[in-house]
Amino acid sequence: MDLLVVGGGGREHAIIKKLKENPVVETIYALPGNGGIAADAVCVPEIGATEIGAIVDFAVSHAVGFAVVAPDDPLALGCVDALHAAGIPCFGPDARAARIESSKVFAKDLMKKYHIPTAQYEVFDTSAAALAYLKTASFPIVIKADGLAAGKGVVVAQTKEEALEALNQIMGGVFGAAGSRVVIEEFLVGEEVSLLAFCDGKTALPLPSAQDHKAVFDGDTGPNTGGMGAYSPAPIVPDAELEKMADIAIRPILAEMARQGHPFTGILYAGLMMTKDGPKVLEYNVRFGDPECEPLLMRLESDLLEIMDACIDGRLDEVKLSIRPESALGVVIAAEGYPGSYPKGMEIKGIDAVDALPDTKVFQAGTK
């Protein structure tokens, strides 16, 4: 069977390597893929991850038997809906269910309805109302663009001045329509942890906990990035607590999406803050996190394609995850200057030597 994976980052590279372990898999197409993925799949760089029509046409013309949509943007744009409409089994939520990530307001309202613990918040449609609120707010405070903003739409403002600057940027058009509404919420103190679960619309099967680190420099200093590394498990949420966390943060969302007629199928990821008052949900993602995906899949012994297929068929209650007991650690190597301006086009050497080490793999993102 030939597969298609939408995306071109380290997350997709890890997914493809894991999917290849299934003996029925023949060719995997990566749209667009990257230089590292090219060693494990057929990359189609001329088709971007958000070109939904071209993705569907390619899948149909190449008789793809199964597809995985990994990034947030194509999920929000309805890539899964379009592939399903074309008769291609596809792992990931439909566009309506993907609103759990693509609209922070939608997610916060779901949490409020089901009494899922989260930060206190207010929603604002105009900058004037938001500015008036900030004049009487306590700091630090968190300001979030409602829509997808490439991971840059959340600002922790330490002072009123920082909050005003963030609000002017977000609602001033920097993120387009994604910033037309904002959520302003209380700043939570604690330790963050990532809880990811496979979902088939009614059953949630949690993966081990993970923790990623976004600040660019050692000691959690410097500007935030897409993630400089991750590890699993995170000691703050041991395996014995996974079901309890899923009951708090994952299963109520599944129940509501099923009630709305859009059962959630795919990976539901709750970003949790472990506070002195217990766990609180910071936000939801509707796909594997990157870089959390890489160490999580390194620990997964079960067949990934079989799990994804069970999610689509509603058979997840028949699956038992097999997880390696060892910890897994992922470290991101980036060009000096990242996440700001940085040189490109340098040769990367030594990959084969590292890949040859036991229990070690190199996943690539942004390479040619």
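Two strands pair if DSSP finds at least two bridges between them. Strands (E, at least two residues) and helices (H or I, at least four) are DSSP runs, numbered from the N terminus. This is a predicted model, in which local features need pLDDT of at least 70 and side-chain atom pairs count only at pLDDT 80 or more, while totals for chains, interfaces and linings use all residues. Residues are numbered from 1 along each chain as its sequence is written, and side-chain values use heavy atoms, with hydrogens and water left out.

**Overall build**

The protein has 13 helices and 16 strands. Along the principal axes, the C-alpha atoms fill a box of roughly 60 × 50 × 45 Å. Buried residues make up 49% of the 368 residues. Here buried means under 20% relative accessible area, exposed over 50%, and partly exposed in between, with a 1.4 Å probe and protein chains only. A contact means heavy atoms within 4.5 Å. Of the contacts with a separation of 6 or more, 66% join residues 24 or more positions apart.

**The parallel sheet**

Five strands form an open sheet with parallel pairing, in the order E3-E2-E1-E4-E5. Strand E3 (42-43) and strand E5 (90-91) stand at the edges with a single partner strand each, so one side of each has no neighbour in the sheet. Strand E2 (residues 28-32) pairs with E3 in the parallel sense over two bridges. Ala30 has Cys43 in E3 as its bridge partner.

Helix H12 (residues 304-313) lies across E1, strand E4 (66-69) and E5, at about 90° to E4. Axes are lines fitted to C-alpha atoms, for helices over the stretch in contact, and angles run from 0 to 180 degrees between N-to-C directions.

**Nonpolar cores**

A nonpolar core is a set of buried Ala, Val, Leu, Ile, Met, Phe, Trp, Tyr and Cys residues joined through side-chain atoms within 4.5 Å. The largest has 52 residues; Leu83, Ile100, Leu268 and Tyr284 touch the most other members. H2 supplies the largest share of this core, five residues. Beyond its neighbours within four places in sequence, Ile100 contacts residues including Phe106, Leu110, Met257, Leu268 and Tyr284. Another core, of 34 residues, lies apart from the largest one; among its members are Phe288, Leu297, Leu300 and Cys311.

**Aromatic pairs**

Rings of Phe, Tyr and Trp (its six-membered ring) pair if their centres lie within 6.5 Å; planes under 30 degrees apart count as stacked, over 60 as edge-to-face and the rest as tilted. The count is five aromatic pairs. Two of them are tabulated.

| Pair | Type | Centre to centre | Angle between planes |
|---|---|---|---|
| Phe198 and Phe288 | edge-to-face | 6.1 Å | 85° |
| Tyr338 and Tyr342 | edge-to-face | 5.9 Å | 80° |

Phe198 lies in strand E10 (residues 191-200), and Phe288 in the loop between strand E15 (278-285) and helix H11 (293-299), so their pair ties together parts 90 residues apart in sequence. Phe198 is buried at 0% relative accessible area. Phe288 is buried too, at 3%. Tyr338 is partly exposed at 25% relative accessibility, and Tyr342 is partly exposed at 34%. Phe91, Phe198 and Phe288 form one aromatic cluster.
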